[in-house]
Amino acid sequence: MRKQAECKALQATVETLNNENHSLRDELQRLSEACGKLTAKNDSMKDELTRSIGPEAVTKPDAQLESQTNEGDS
């Protein structure tokens with residue numbers, strides 16, 4: 001009887017974890033799609049800015065942002 005109860009408890013745990021895994025996968029997919037959309041929007045805005053004010057004006061802030069990001073990693 002005790003082993004049967006343990007088995008049922010483990011089955012319930014497996015089901016709960018499978019449901020959580022499914023939810024996390026869905027959320028990861030949603031976030032990945034949102035990230036892709038933001039990246040596309042960012043690229044579009046950079047292209048528009050490059051056409052408006054020139055490539056050097058866009059490149060310089062990118063280099064500054066990368067430098068700041070690298071400093072934060074140290």
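Mentor: Start with the term. A salt bridge is a side-chain nitrogen of Lys or Arg within 4 Å of a carboxyl oxygen of Asp or Glu. The structure holds one. This is a predicted model: local features need pLDDT of at least 70, side-chain atom pairs count only at pLDDT 80 or more, and totals for chains, interfaces and linings use all residues. Residues are numbered from 1 along each chain as its sequence is written, and side-chain values use heavy atoms, with hydrogens and water left out.

The partners are E27 and R30, with N to O at 2.7 Å. Both belong to helix α1, residues 2–53. They are three residues apart, about one turn of the helix. Helices here are DSSP runs of H or I, at least four residues, numbered from the N terminus.

How open are the two side chains' residues? E27 is partly exposed, because its relative accessibility is 35%. R30 is partly exposed too, at 45%. Partly exposed lies between buried (under 20% relative accessible area) and exposed (over 50%), using a 1.4 Å probe and protein chains only.

Now the helix around them. α1 has 52 residues and should span 76 Å at 1.5 Å a residue; its end C-alpha atoms are 75 Å apart, so the two agree. The expected span is 1.5 Å times one less than the number of residues. G54 follows α1, with a positive phi near 105 degrees.

UniProt's unreviewed entry places "domain: BZIP" at residues 2–42. That span is 100% helix, with end C-alpha atoms 59 Å apart. UniProt positions use the numbering used here, feature names are shortened, and annotations may be inferred rather than shown by experiment.

Technical notes:
Helix = DSSP H or I, 4+ residues; strand = E, 2+ residues; numbered from the N terminus.
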